[in-house]
Amino acid sequence: MSFDRSIKIAPSILSADFANFGQEIQAIEAQGADWVHVDVMDGHFVPNLTFGPPAVKAFRPHVKTFMDVHLMIAPVDPYIEAYAEAGADMITAHVESGPHIHRTLQAIKATGKMAGVSLNPGTPLESIEHVMDLVDMVLIMTVNPGFGGQKFIHSGVEKTRRCREMIGDRPIHIQIDGGVTTETAPLVAAAGADVLVAGSAVFKGGAVDKPEVYGENIRAIRAAAEAAQ
Ligand code: DX5
Ligand code: ZN
């Protein structure tokens, strides 16, 4: 995948119909999603449980764009290989998801997949300073991870601006996850983010038999972000 800083919308299928993932993925892609964001939760690192590797493997054939797998599990290292084999294009791990984030990112790179590192709202930007040359993306959480539909935490905007400075000319994406809407997308796009995850703001009002609503929602978020970039 070639690198660019154009706005990419990555709907989180955490907000999809759980009885209908194949059709939901096809619908969001047909309606303009750039990436498909898969939230993996373990009921330990975060207070919710979602998708094991077999579920992610079942999503894979439906994803024609880019499957972005956000691991919110601890310890993460024992499961990296399994999510890589399940077909992730990018694997993102949290700074706190094991004792050695550098080793974790090396392990992701060793699978041949792209690597992302994620910061919770309370995690300082400095914690990733020494792993920047190992990553393809920094994920800045703008909610505490675990659930969709939470309120955007505004300190992520300044963190994004400083992260963009830290990246300089390096080909590293900045992804924002949590509470992204047409109101908050411009704030983070102006600060330097290029990949916007959105769960509730993409899926609200739509369904697989009403996919055009997904398209309207995606276009509205993209337009708001692009106008601010
Ligand atoms: C939260 C997840 C997010 C979440 C976003 O832990 O990582 O991807 O689904 O949902 P919204 O866009 O509804 O805040
Ligand atoms: Zn996520």
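Predicted model: local features only at pLDDT ≥ 70, side-chain atom pairs only at ≥ 80, totals over all residues.
Residues are numbered from 1 along each chain as its sequence is written, chains are lettered from A and ligands numbered from 1 in the order in which they are written, and side-chain values use heavy atoms, with hydrogens and water left out.

**Stop 1: the zinc ion**

Select ligand 2, the zinc ion, and show His37, Asp39, His70 and Asp177, which coordinate the ion at 2.0 to 2.3 Å. Donors here are N, O and S atoms within 2.8 Å of the metal (3.2 Å for Na, K and Ca), and sites may look incomplete because water is not among the atoms. The six donor atoms make angles of 67 to 167°, and the site is octahedral (six donors, with opposite ones over 155 degrees apart and all others between 65 and 115). For six octahedral donors the ideal angles are 90 or 180 degrees.

Now colour strands S2 and S7 (residues 173–177): His37 lies in S2 and Asp177 in S7, so this pair ties together parts that are 140 residues apart in sequence. Strands are DSSP runs of E, at least two residues long, and helices are runs of H or I, at least four, numbered from the N terminus. Both His37 and Asp177 are buried, meaning under 20% relative accessible area with a 1.4 Å probe, protein chains only.

**Stop 2: histidine 94**

Next, select His94 in strand S4 (residues 90–94). His94 counts as buried because its relative accessibility is 0%. Look for two side-chain polar contacts (N or O atoms within 3.5 Å, one able to donate a hydrogen and the other to accept it): one of 2.9 Å to His70, and one of 3.3 Å to Ser118.

**Stop 3: the aromatic rings**

The whole structure holds seven aromatic pairs, with ring centres within 6.5 Å; planes under 30 degrees apart are stacked, over 60 edge-to-face, and the rest tilted. Select Phe21 and Phe51: their edge-to-face pair is 5.4 Å centre to centre, with 90° between the planes. Both of these residues, Phe21 and Phe51, are buried. Phe21 lies in helix H1 and Phe59 in helix H2, so the pair ties together parts 38 residues apart in sequence.

Conventions. Buried < 20%, exposed > 50% of the residue type's maximum accessible area, 1.4 Å probe, protein only. Phe/Tyr/Trp six-rings, centres within 6.5 Å; stacked < 30°, edge-to-face > 60°. Tetrahedral: all angles 85-135°; square planar, octahedral: opposite > 155°, others 65-115°.
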